[in-house]
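Hello,

Here is the structure you asked to look at.

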Amino acid sequence: MTDDLSQFSVDHLLDRCAEQATKKSEIREDQYCFELVRRAFLAWDEFALKHVLHMYRTVWSKHWIRNPHELDTHPQTAEDFKNIAFNKVNENFIRQKKTMADFPDLSRFLGYLKTILSHEVGAYYRKREVREFRLRKTKTDDGDDTEKMDQIPAGDDSSQEVERKQIWQKIDERVKALLKNDADQILFNCWIKLDLSHDEILQHYSHLWHNKNDIRVARQRIQRKLERDRDFLELLKDLRERR
Amino acid sequence: MSRSRKNQMPTKCAAPPALSDDELYEVLDDDASPQVLRHLEICEFCSERLDKIRQFERSLQLGLHRFDCPPSDQIADYFHQNLTMWETGNIQAHLEHCPLCQKELKYLQTFLALDEEDSALSSESISPLDQVQRLVNQFADQVVRLLTPENNLAYGVLKTRRAQEQPLIYTNGLVSLTLSLEKVIEGLKITGTILDREAEGRWRDGHVEVISLSSDRPPFQAAIDEDEMFVMDTLSPGRFNINIYAVDGHILRLQDLEIQL
């Protein structure tokens, strides 16, 4: 007999959903949990949404977030990530007009929730790393900021992103043309793109450079080549203008 | 290191011989000898040369930092094995020579659980309902608080103000819910006020669900305002359970409330 799920209250669905967990997989029925999700996201049942929100927030904290204390020293807490991720799911359902066909069963939906959460965690880590890098680079030895904080871009200004990518591509090609030595190209990546310290470079590439002095000599060579190349300097100037 | 702001750049070293490029790079790397540092203190020519090198390096780094690193979403999708074979290959190739992306992946691995047990939620072979069941149990243990009628009554009976002089109070010692009832055109109207001695304001913007035990109709719903009050005005007499949800996940539950005219 097929139940008419639309008649059940949220509370009743939760009870039935939980009840299924005790059954073997061959006879288990997922539709009650799924109906909860459907009401929350597609029927815009505000109360189902809040219920599902709570239900899966706790699932995240108990089963998906391994080490919430990792974030204790950082501004955003594990709870913030859960809130942000769940709001993002909500927005995606509105913006992308998701349908039930996108989630043939509950496990796929939960997988989707988990992916969204990890996207938020990854984005947070990346933004934090880029911001710390820029703060590091914009201080002089006297500790003054050569570039005010409000001039440091957020890094994701989509209106100029396409142009920046095109300039990056040209810079990449020009660097490869100027630095014909593979080791120089690797050093350029480590030093300029990744801002690795000499110790880190030596740790990863001890077969290319034996000590810090070797790296220093190679850096000088690279910098002279780049400073003397008018095309490269023009591209760099273009890039600065699009920040 | 002091810098003077003259209109003209110094044209020669104040204390020859001028520092070599090697020595200037040693300063950038914080490896310079005390003599080199003393030289820079007295020689603006060499200081300017150092500044020029530093500024060029800085403009390169600021402009090109991680420009060919994949977006963080892709690293996360790689982590969850959600990429095509081609995309996975590209990410793997990038990871081989990018310690920053390796660190990012490690951060995700540390933060997010992806072992066999926890991958149950994204695996079709193991039902997520097991997780839901655990969740419901934890949920009930941790945040659901049962309120009972004051004076240890077995269940509460709510009547209109004309029939019941005092409002009905449900409590668990820390949280109390005061209910009053009145007759309106649409039916019966309940007004509820929550007083939480443990966390003032917790129930603001929450919601209330009133479930009929005597019929199969969908639950009645109401929002809780900023004064932690709610109103529900289309009820009929009968027996009800009431669930009250806070935005932080706490729940209050009343069982078997009888509403009479």
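**A salt bridge within chain A**

A:Asp195 and A:Lys137 form a salt bridge, and their closest N and O atoms are 3.3 Å apart. A salt bridge here is a side-chain nitrogen of Lys or Arg within 4 Å of a carboxyl oxygen of Asp or Glu. The two residues are 58 apart and belong to distant parts of the chain: A:Asp195 is in the loop between α7 and α8 (198-204) of chain A, and A:Lys137 is in helix α5 of chain A. Helices (H or I, at least four residues) and strands (E, at least two) are DSSP runs, numbered from the N terminus.

Are the two partners buried or exposed? A:Asp195 is buried, at a relative accessible area of 16%, and A:Lys137 counts as buried at 16% as well. Buried means under 20% relative accessible area, exposed over 50%, and partly exposed in between (1.4 Å probe, protein chains only).

**How to read the model**

This is a predicted model, in which local features need pLDDT of at least 70 and side-chain atom pairs count only at pLDDT 80 or more, while totals for chains, interfaces and linings use all residues. Residues are numbered from 1 along each chain as its sequence is written, chains are lettered from A and ligands numbered from 1 in the order in which they are written, and side-chain values use heavy atoms, with hydrogens and water left out.

The scores are ipTM 0.71 and pTM 0.56. For chain B the mean pLDDT is 78, and 79% of its residues reach 70 or more; pLDDT is the predictor's confidence in each residue, from 0 to 100. Contact means heavy atoms within 4.5 Å.

**Chain A and its helix α7**

Chain A has ten helices and zero strands. Of its 243 residues, 49% are buried. Among the contacts in chain A between residues at least 6 apart in sequence, 57% join residues at least 24 apart.

Helix α7 (residues 182-193) of chain A has twelve residues and spans 16 Å from its first C-alpha to its last, close to the expected 16 Å. That expected span is 1.5 Å times one less than the number of residues. At the start of α7(A), a side-chain oxygen of A:Asn181 comes to within 2.7 Å of the backbone nitrogen of A:Ala183. The buried residues of this helix include A:Ala183, A:Leu187, A:Phe188 and A:Trp191. After α7(A) comes A:Asp195, with a positive phi near 55°; this is the residue that forms the salt bridge with A:Lys137.

**Charged residues between and within chains**

Over all chains the count comes to 23 salt bridges. One of them pairs A:Arg126 with B:Glu104, with the closest N and O atoms 2.7 Å apart. This pair joins two chains, because A:Arg126 lies in helix α5 (residues 106-137) of chain A and B:Glu104 in helix α6 (residues 99-111) of chain B. Both A:Arg126 and B:Glu104 are buried.

Which residue is charged and buried, yet has no salt bridge? B:Asp77 is, and its nearest side chain of opposite charge, A:Arg126, is 11 Å away. Lys and Arg count as positive and Asp and Glu as negative; His and the chain ends are not counted. B:Asp77 is found in helix α4 (residues 72-79) of chain B. Leaving aside neighbours within four places in sequence, B:Asp77 is in contact with A:Thr115, A:His119, B:Asn82 and B:Leu83.

A network of salt bridges links A:Arg216, A:Arg219, B:Glu26, B:Asp29, B:Asp31 and B:Glu57.

**Backbone points in chain B**

Most residues other than glycine have a negative phi, and most peptide bonds are trans. B:Pro16 and B:Pro17 are joined by a cis peptide bond, with omega about 5°, and B:Pro17 is in the segment before α1 of chain B. B:Arg66 has a positive phi, near 55°. B:Arg66 lies in the loop between α3 and α4 of chain B and is buried, with a relative accessible area of 6%.

Regards

Notes. A polar contact is a pair of N or O atoms within 3.5 Å; within protein, one must be able to donate a hydrogen and the other to accept it, and residues adjacent in sequence count only if both atoms are side-chain atoms.
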